[in-house]
Amino acid sequence: MTVLTGAAVFSSTALAAELTAEFADPAWDGEVIPEGQQCREFDGQGSTPPLHLSGLPDGTNAVLLLFNDEDYEPLSTDGGHGIVGFEIEPVNGAALLPAVPGGTTEMPEGVWLEAENRDDIGEVGYLAPCSGGEGNLYSVQILAVRYLNEEQYEVLAEGYLQLGRY
């Protein structure tokens, strides 16, 4: 799959089906960000959580994860902490997404940065939770998509998962 930047949404997400996401690592509970999963600025080596997705519609060939800090307005929407894409081949409507390291633009095969974080602290790629322990709420918006070409994709399903507070 070609790495895409600034892809245009081809269909309305308002009509998309809902998918289900669960943490694939018990350290993640949706309440508190696990120790060490914060940004480097606060002595962490944060990665995206590994996720098990279900309810993926036929035709899904990729997933976009839009990470947000819901309590810090500049990074609270549209992937303020970065957007990570995963090439997938669902089995029975399900897929497992591996953890991906933050603070880098180097991605494993089949994974790409759709958009880097919008913060100005100098950390590239996905920005792990970085509030310094102020109790901010972190979340991920999940889009199951079918890429149509190098500039357009169709949103087939969407979901939301609360990552926890840091």
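Tutor: Let us start with Gly-46, which counts as buried because its relative accessibility is 6%; buried means under 20% relative accessible area, exposed over 50%, and partly exposed in between, with a 1.4 Å probe and protein chains only. Please keep in mind that this is a predicted model, in which local features need pLDDT of at least 70 and side-chain atom pairs count only at pLDDT 80 or more, while totals for chains, interfaces and linings use all residues. Residues are numbered from 1 along each chain as its sequence is written, and side-chain values use heavy atoms, with hydrogens and water left out.

Student: Where does Gly-46 lie?

Tutor: Gly-46 sits in the loop between strand 3 (20-23) and strand 4 (51-54), where strands (E, at least two residues) and helices (H or I, at least four) are DSSP runs numbered from the N terminus.

Student: And which residues does Gly-46 touch?

Tutor: Not counting residues up to four places away in sequence, Gly-46 touches Gly-36, Gln-37, Gln-38, Pro-101, Gly-102, Tyr-126 and Ala-128, contact meaning heavy atoms within 4.5 Å. Glu-35 is 11 residues from Gly-46 in sequence, and the C-alpha to C-alpha separation of the two is 9.0 Å.

Student: What about Thr-48, buried or exposed?

Tutor: Thr-48 is buried, since its relative accessible area is 2%, and it lies in the loop between strand 3 and strand 4. Once its neighbours within four places in sequence are left aside, Thr-48 is in contact with Phe-67, Val-84, Pro-98, Ala-99, Val-100 and Tyr-126.

Student: Where is Pro-34 found, then?

Tutor: Pro-34 is found in the loop between strand 3 and strand 4, and at 11% relative accessibility Pro-34 counts as buried. Beyond the residues up to four places away in sequence, Pro-34 touches Ala-27 and Trp-28. Pro-34 and Pro-49 are 15 residues apart in sequence, with 9.8 Å between their C-alpha atoms.

Student: Which residues line the largest cavity?

Tutor: The lining is made of Phe-67, Asn-68, His-81, Tyr-126, Leu-127, Ala-128, Pro-129, Tyr-138, Ser-139 and Leu-163. Strand 5 (62-69) and strand 9 (137-147) are the elements that give two or more residues to this lining.

Student: Now the backbone, what is the phi of Asp-78?

Tutor: Asp-78 has a positive phi of about 55° although it is not a glycine. Most residues other than glycine have a negative phi. Asp-78 is found in the loop between strand 5 and strand 6 (83-87), and it is exposed, with a relative accessible area of 56%. Asn-92, which is not a glycine either, has a positive phi of about 50°; Asn-92 is in the loop between strand 6 and strand 7 and is exposed, with a relative accessible area of 83%.

Student: To finish, how many helices and strands does the protein chain have?

Tutor: The protein chain has zero helices and 10 strands. Of its 166 residues, 49% are buried, and among contacts between residues at least 6 apart in sequence, 70% join residues at least 24 apart. The C-alpha atoms fill a box of roughly 40 × 30 × 30 Å, taken along the principal axes.

How values were computed: 1 Å grid on protein atoms, 1.4 Å probe; cavity = no way out; pocket = protein on both sides within 12 Å on 5 of 7 lines; lining within 4 Å.
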